[in-house]
Amino acid sequence: MGNETLSSNLETEPIFVGTVVKGRQLGRKIGFPTANIDVNIKWLNNGVYGVLAKLNNSFHLGVMNIGVKPTVDTNLQKTFEIHLLNFHQDIYGEKLGCNVLFKIRDEKKFDSLELLTKQMKEDISYAKKRFHLIGLTSTIEENDITFKPLFKSS
C-alpha cells in the first residue's frame, strides 16, 4: 500500500490547525520533545493517536496525546501535544495542521515517569509499525500526496 491509500483516507484539509506554543518541556527532558498546539477542540476524545502533521509544505508523522496529563499534572485543561518522528527543529510560533490516522490507546495515569516513558516508547513503536503498514515514511513532501476528501458532499 502506498500513498494512494493515504490519500483516500485523509481530509482535504487538516482536521485542526493551531499555533505551536511553549509548554513545560517535560517531553524534551524525558527524550520525547512535543509540539504543544494552542487549539480548543472539544470533540476529539482524550487518548494517544498516530497522526500526520503538516508544517509549511511538508508532512511529518507523529504521535499525539490529547488529554489532561494525569501522570505529571493535576491540570484538568485538555492539551494537544504532538511528538513528531525524526524531527528536531524549533517551531515555536509556527502553524501546525493535524490529521488523525488511528487511535493507539486511551489516556492513562502512570505511577511514575519511568513507566510513562516506557509506554511512550511502546506507543511510538506501535505507531511506526502502523505507518509502515499503510506505506508511510517519516517525512512526506506536499507534492507526494494527492488529497481526496474523506467525506464527499452530497
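1. The model is predicted. A search of the whole structure finds three aromatic pairs. In one of them, the ring centres of phenylalanine 16 and phenylalanine 80 are 5.6 Å apart and the planes stand at 65 degrees, so the pair is edge-to-face. Phenylalanine 16 belongs to strand 1 (residues 16-21) and phenylalanine 80 to strand 5 (residues 79-84), so this pair ties together parts that are 64 residues apart in sequence. Both phenylalanine 16 and phenylalanine 80 are buried.

2. A further pair joins phenylalanine 102 and tyrosine 126: with centres 6.4 Å apart and planes at 80 degrees, it is edge-to-face. Since phenylalanine 102 lies in strand 6 (residues 95-105) and tyrosine 126 in helix 3 (residues 113-133), the pair ties together parts that are 24 residues apart in sequence. Phenylalanine 102 counts as buried, at 6% relative accessibility, whereas tyrosine 126 is partly exposed, with a relative accessible area of 35%.

3. Phe102 and Tyr126 form one aromatic cluster with Phe131. Over the ring of phenylalanine 102 sits the charged end of arginine 130, 4.2 Å from the ring centre.

4. The largest nonpolar core has 20 residues, and Phe16, Ile37, Met64, Phe80, Ile82, Ile91 and Leu96 have the most contacts inside it. At least two residues of this core come from each of strand 1, strand 2 (35-38), strand 3 (47-55), strand 4 (58-67), strand 5 and strand 6. Strand 3 supplies the largest share, four residues. Another core, of 17 residues, lies apart from this one and includes Val48, Phe102, Phe110 and Ala127.

5. Leaving aside neighbours within four places in sequence, isoleucine 37 is in contact with Phe16, Gly18, Thr19, Val20, Phe80, Ile82 and Leu96.

6. Helix 3 has 21 residues and spans 30 Å from its first C-alpha to its last, close to the 30 Å expected at 1.5 Å a residue. Its buried residues are Leu116, Thr117, Gln119, Met120, Asp123, Ile124, Ala127 and Phe131. Viewed down the axis of helix 3, these buried residues fall within an arc of 160 degrees, so they line one face of the helix.

7. Against what do the buried residues of helix 3 pack? They pack against strand 3, strand 4, strand 5 and strand 6. The face turned away from the buried side of helix 3 carries the exposed residues Glu114, Lys118, Lys121, Lys129, His132 and Leu133. Just after helix 3, glycine 135 adopts a positive phi of about 80 degrees.

Key: Residues are numbered from 1 along each chain as its sequence is written. This is a predicted model: local features need pLDDT of at least 70, side-chain atom pairs count only at pLDDT 80 or more; totals for chains, interfaces and linings use all residues. Side-chain values use heavy atoms; hydrogens and water are left out. Rings of Phe, Tyr and Trp (its six-membered ring) pair if their centres lie within 6.5 Å; planes under 30 degrees apart count as stacked, over 60 as edge-to-face and the rest as tilted. Buried means under 20% relative accessible area, exposed over 50%, partly exposed in between (1.4 Å probe, protein chains only). A charge sits over a ring if NZ of Lys or CZ of Arg is within 6 Å of the ring centre and within 35 degrees of the ring normal. A nonpolar core is a set of buried Ala, Val, Leu, Ile, Met, Phe, Trp, Tyr and Cys residues joined through side-chain atoms within 4.5 Å. Contact means heavy atoms within 4.5 Å. The expected span of a helix is 1.5 Å times one less than its number of residues. The arc is that of the directions from the helix axis to the C-beta atoms.
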